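I opened the notebook to record, one entry at a time, what I looked up in this structure. Each entry stays with one part of the chain before I move on.

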Amino acid sequence: MASSAENNASLSVQKVTRSGSSQAKKSQQAEEAIFYMNCRAAYLTVLKSSLENIKSKEQLSLVLQQAGRNPSQKTVNKYWTSQTTTLNFDDFCTILKKEKPATKTELLEAFGKIDTDNTGYILHDELYKILTTRGEKMTWDEVSTITKQADFNCSGKLDYNKFCDLYMTTSEQCCKTAREKLEVDSRLRQQQFGSQAETSSEGITLPVSKPSPRVSRRTDHKLAPTKGDSRTPSRPSSAQSCKASISTTISMGASSNRNTKLIEPDTIKEWQCAQSKGCFYLEEDGEIISHKYKLHLPQRSTVCITIKPLNVRQVEGKSCHWLSVDTALYILKENETQENLQLVSFTEQQNKEMFGWKGELGSGIYWLLPFTTGCRLKKVKPQITGEAKLVYRGEDGELALTKEFRAALLDIFETIDLDGNGLLSLEEYNFFELRTSGEKCDEEAWAVCKENFDMKKNELTRQGFMDLNLMEANDREGDPSDLWVTLLSLGYNKALEMTEACPFVIDIYAEKCKPRIKAMYLEAGSWQLNRAICKSVVNKGEAKVMDGCENIIIYTYKAGRRITSVIENKSENKVIIHVNNEQSKNCLSNRGLAVFAVEVAPKSMMVSQHVMPLNEQEEWLYNCVHSLLR
């Protein structure tokens, strides 16, 4: 009887557990359904169909506002780069998942930093000063529009509690109006979601397949609307049973077997050289942005191109996390237009932390696109309990920078001084400004800097850079908030360790001419980079056709300490591929998961994953199963 009672109790627990799990799943599905309904409602307020693409920055900003967001120019620029021409509905949904609407608590906290006396009001004069001189600067007329609203202004003061209430109400009303319009129009209600639609004429045709962008900000009209996301696809298929699969196993040795075929710079010291520094920066959403370069060769020549992490001055007791980050360069030839770039090669030869390529290049313009897999440069949970001190007051009462902060600023200066001449040009400084504030410094503002800070030949010195940061601290009367915004955006944590960035240095040696290199952009990987990665893996990797599905091909390429796999979908329909790495040993995937699924558009290809050893001093086993889900 006791045994029977125990069994009954066990069964009851199992039923309750299953019931709870089922309810949680239903709740999650309901939330997802509401989310996509809101996305579609906002999208269709601006565009005629969910199959129509967003075609401009202004359109993106407007559709985000209809979804209850209030995007800054920096936010819009993050997703609409110089190489973006369109964004589709799926991209829009991805953006909304990342850009959460501001809460009233967050708004009040922001105002509270200005209202240090906690009065609940901000003087209009103070508001004008802040909004027209800091961050994403507003015009005088734009600020006046705010201060003239009677609902939350009186006696020359802004009642920011009322302002926040009105802001939240307006945001909610935008979403509500969009939903009501969708519900009324049955024709719109019947339209399909973006990626559920039949193949668009904008899709990619093989064999000139282009990879699907991993993030919306890199979407281009030449790319099929796909997601290479490590999570379950946004619109999962109705059933998740495996239809066909293919397994790949590769055993790799320890790091002692590294490739050393790359020619050493010492042996080509008579060649002419050009150099530029740069940096990989990790975004809040886990994406990686970096500088991108143009290389000019005046005549045909044998060249040697290398990239490696930049070993900036090390502070005693501080670890240099970035030195273990993998780096690579993809070399693309520019033809008639920048849009028409052809892959030449990439830096697959390795010598310790340096990767390089040696070969002959004709005269002309080339693009150098830096790349890191994201296996080692990724978000980590902070283990820091305290916060480093950035400024202090001396005996004379004047503010000064702490020794630790000065050391960090010197490292930052070393990183953003791209040409390594010990000075910051306006172009170099603007890359720094774009990263930290989303804005550029114009010639007029630069002239003001020249009047107030140490410069040589119209370029900012190290001391001038230090003084500029000290001025920022003085502007906030010692409040380090703005300084921390700068540091965090440059990859530093609260202990002043660079954990979410990787500075690097590129060297180009040419035998017969003087090469010239120039940094052009600081942005996320373009569709050209994604296509180049896919093409390099297809050209050099091993191809396997999926058993039971001849239209799905898995390409696997191994070199040094990296393995990359690419999925090609030759069929007329999108497919969902399940990827399982559970049998791999001592491996680190850029996806951050042992098991995940990706969606591949019709007639296209995309990167499945990049894998590196967790411990380079030990052997590692790559065992990956790709399965087709139906």
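Is E599 buried or exposed? I looked this up first, keeping in mind that I am reading a predicted model, and I found that E599 has a relative accessibility of 6%, so it counts as buried, the cut-off being under 20%.

**Entry on E599 and its partner**

I then looked for the charged partner of E599, and I found that it forms a salt bridge with K574, where the closest N and O atoms are 3.9 Å apart.

**Entry on strand β22**

For N580, the bridge partner in β26 is V625. I asked myself how many of the six residues of β22 are buried. The answer is five, so this strand, residues 575-580, is largely enclosed by the rest of the structure.

**Entry on the five-stranded sheet**

Next I followed an open sheet of five strands, which has antiparallel pairing and the order β19-β20-β21-β25-β23. Its edge strands are β19 (542-546) and β23 (587-589), each of which pairs on one side only. On average, neighbouring strands of this sheet are turned by 25 degrees against each other, with direction ignored. Within the sheet I looked up β21 and β25 (residues 604-613), and I found that seven bridges join these antiparallel strands. T564 stands opposite H610 in β25, which gave me a place to start when I traced the pairing by eye. I also asked which strands helix α15 lies across. The helix, residues 527-540, lies across β19, β20 (549-559), β21 and β25, and its direction makes an angle of about 80 degrees with that of β25.

**Entry on other salt bridges**

I went back to the charged pairs, remembering that side chains of opposite charge can pair when their charged atoms come close. The count for this model comes to 18 salt bridges. One of them joins the side chains of K78 and E99, at 3.0 Å from N to O. K78 lies in helix α3 (residues 73-79) and E99 in the loop between α4 (89-98) and α5 (104-114), so that the pair links parts of the chain 21 residues apart. K78 is partly exposed at 25% relative accessible area, whereas E99 is buried at 18%.

Another salt bridge is formed by the side chains of R300 and E360, again 3.0 Å from N to O. R300 is in the loop between β6 (288-297) and β7 (301-309), E360 is in strand β11, and the two are 60 residues apart. Both ends count as partly exposed, R300 at 49% and E360 at 48% relative accessibility.

K352 counts as exposed at 58% relative accessibility, but L496 counts as buried at 8%.

**Entry on confidence**

Last, I checked the confidence of the prediction, and the chain averages a pLDDT of 80, with 80% of the residues scoring at least 70. Over residues 186-241, however, pLDDT stays under 50, although the model has 171 contacts beyond four places in sequence for this stretch. Where pLDDT is low, the predicted coordinates should not be read in detail.

Note on methods
Residues are numbered from 1 along each chain as its sequence is written. Side-chain values use heavy atoms; hydrogens and water are left out. Buried means under 20% relative accessible area, exposed over 50%, partly exposed in between (1.4 Å probe, protein chains only). Helices (H or I, at least four residues) and strands (E, at least two) are DSSP runs, numbered from the N terminus. Two strands pair if DSSP finds at least two bridges between them. A salt bridge is a side-chain nitrogen of Lys or Arg within 4 Å of a carboxyl oxygen of Asp or Glu. Axes are lines fitted to C-alpha atoms, for helices over the stretch in contact, and angles run from 0 to 180 degrees between N-to-C directions. Contact means heavy atoms within 4.5 Å. pLDDT is the predictor's confidence in each residue, from 0 to 100.
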